[in-house]
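This report goes through a single protein chain, from its surface charges to its sheet and its core. The sequence and the structure come next.

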Amino acid sequence: MWVKYYLAERNQYGEFHRLVGELRLNNGEDFREYFRVSRCQFDEILHRVGPRIKRINTRLRRCISPAERLAICLRHLATGDSYHSLSYRFRVGWSTVSLIVPEVAKAIWEELVNVYMPVPKESDWHEIAEQFLVNRDFPNCIGAIDGKHVRIVAPPNSGSLFFNYKGTFSIVLLAVVDANLCFRIIDVGAYGRGSDGGTLRESAFGRALQEGILGVPPDAIIPGAEDLGPLPHTFVGDEAFPLRRHLMRPYPGRNLCRRRRMFNYRMSRARMVVEQAFGVLAARFRIYHRVMWQHPHNVEVCVKATCVLHNLLRRDAPTRPYRPRENRAPNPPPSVVLPSVIRQGANNSTAEAVRVREAYTTYFSSEAGGVHRHDPVS
């Protein structure tokens, strides 16, 4: 008798509606902990993606509501639980879950990307450069770039395409991050066997940067260093990336002079924002703590969804500056379009790129380019 009553109750209200109803009655922390978004953010996402994931009831069965579909996808991204585990939790078939997750993740990306991760315009690049100058003491910096390996189960007959230097199988998330830890440009899906420099070379962003069609603004004079002349706006990366006029990398080696060690230290302060962004992303969406066993295309869709959701959560949260500067004027920055271009050439550094890095080294070693704190480089 109780089985019949339970099934009738489930058909009328659904397990999902009972769960979310209980979570909404609390102070909101339980809801945020369960779905990684607040109640208001959940409703906003549902409002945007609901029409795309809505289904129609039939005479044979009632469709799964858009809210329940969104909840299944968010719970998968938040925990990395398998489809079978989600099917038991939400009382739907695991094959249904396997269709819902990539479909909803794709809808989240396509509906939110233009709002929370638009292609930066010139005013946006200027704002990014001001953030890096004020918070990270690096002038004319328009983003930190790095790659993250997302672990997957090797697809059948893929050979060593996805096998990376860490001894696991992965696809690569290449990201450009601003000083507020928001993703500005991402490229997902490169084979794990490639290096960060190779991934950049094959990406649309890297090709546009190499061809000079990224819309980077003109060179600007750094306040207090007029004698160095106008210096280009640059991205910052680690040793895996090539040295370019608009892409700075640290000096290699250990036995460096003080000037070069100072440049590496200041560059590390600016570049660490991308590592912090990856850390926050993985801590919030635990799917990155597990090996993803979906098809690489579905993994790519899920990664894109987590990145745009990360931006939504970062921009709704109060921002706390890394370290405000009061005695230095902010510096203006860049603009962007990402069309397809030809393949990039070799990674050999040009004389112009070397000159630009030396100019920044000179500036950071000067009184005007110093930071107002204990200097760790001796």
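A residue counts as buried under 20% relative accessible area, as exposed over 50%, and as partly exposed in between. With 38% relative accessibility, Glu 202 is therefore partly exposed. The model discussed here is predicted.

**Salt bridges**

The structure holds 19 salt bridges. One of them joins the side chains of Glu 202 and Arg 201, at 3.9 Å from N to O. Two others share Arg 52 as the basic partner, with Glu 110 and with Glu 111. The N to O distances are listed below.

| Glu 110 | Arg 52 | 2.5 Å |

The side chains of Glu 110 and Arg 52 meet in a salt bridge. Glu 110 belongs to helix H7 and Arg 52 to helix H4 (residues 39–53), so this pair ties together parts that are 58 residues apart in sequence. The residues involved are partly exposed: Glu 110 has 31% relative accessibility, Arg 52 has 38% and Glu 111 has 27%. Elsewhere, Asp 219, Arg 245, Glu 352 and Arg 355 are linked in a network of salt bridges.

**Overall make-up**

The protein chain has 13 helices and five strands. Of its 378 residues, 50% are buried. Its accessible surface comes to about 18,300 Å², and carbon and sulfur atoms account for 53% of that area. Among contacts between residues at least 6 apart in sequence, 72% join residues at least 24 apart.

**The sheet**

In what order do the five strands of the open sheet stand? The order is E3-E2-E1-E4-E5, and the pairing is mixed. Strand E3 (183–191) and strand E5 (247–248) are at the edges with a single partner strand each, so one side of each has no neighbour in the sheet.

Strand E2 (residues 170–177) runs antiparallel to E3, to which it is joined by seven bridges. Ile 171 has Tyr 191 in E3 as its bridge partner. E2 also pairs with E1 in the antiparallel sense, over eight bridges, and Lys 148 stands opposite Leu 173 in E2. The parallel pairing of E1 with strand E4 (residues 234–236) rests on two bridges, and Cys 141 has Thr 234 in E4 as its bridge partner. Strand E1 (residues 141–151) is mostly covered, with 10 of its 11 residues buried.

Helix H10 (residues 204–211) contributes the buried residues Phe 205, Gly 206, Arg 207, Ala 208 and Leu 209. The buried residues of H10 pack against E1, E2, E3, helix H9 (196–202), E4 and E5. After H10 comes Gly 212, which has a positive phi near 75°.

In soluble globular proteins, nonpolar side chains tend to be buried together. The largest nonpolar core here has 103 residues, and Ile 108 and Phe 183 have the most contacts inside it. Helix H7 (residues 94–116) supplies the largest share of this core, 11 residues.

Beyond its neighbours within four places in sequence, Phe 183 is in contact with Met 117, Ala 175, Val 176, Val 177, Ala 277, Phe 278, Leu 281, Cys 307, His 310 and Asn 311. His 310 lies in helix H12 and is buried, with a relative accessible area of 0%. Its contacts beyond four places in sequence include Leu 181, Phe 183, Val 280 and Arg 284.

**The loop between H11 and H12**

Is Ile 287 buried or exposed? Ile 287 lies in the loop between H11 and H12 and is buried, at 2% relative accessibility. Not counting residues up to four places away in sequence, Ile 287 touches His 76, Leu 77, Thr 79, Gly 80 and Met 292. Ile 287 and Arg 151 are 136 residues apart in sequence, with their C-alpha atoms 9.8 Å apart in space.

Val 291 is found in the loop between helix H11 (258–284) and helix H12 (296–316), and is partly exposed, with a relative accessible area of 39%. Together with Val 153 and Trp 293, Val 291 forms a nonpolar surface patch with about 260 Å² of accessible area.

Technical notes
Residues numbered from 1 in each chain as written. Predicted model: local features only at pLDDT ≥ 70, side-chain atom pairs only at ≥ 80, totals over all residues. Heavy atoms only, no water. Pairing = 2+ DSSP bridges. Helix = DSSP H or I, 4+ residues; strand = E, 2+ residues; numbered from the N terminus. Patch = residues over 30% accessible without salt bridge, like charges linked within 9 Å, V, L, I, M, F, W, Y side chains within 5 Å. Areas by Shrake-Rupley, 256 points an atom, 1.4 Å probe, with all protein chains shown as cover. Salt bridge = Lys/Arg side-chain N within 4 Å of Asp/Glu carboxyl O. Buried < 20%, exposed > 50% of the residue type's maximum accessible area, 1.4 Å probe, protein only. Contact = heavy atoms within 4.5 Å. Core = buried A, V, L, I, M, F, W, Y, C linked by side-chain atoms within 4.5 Å.
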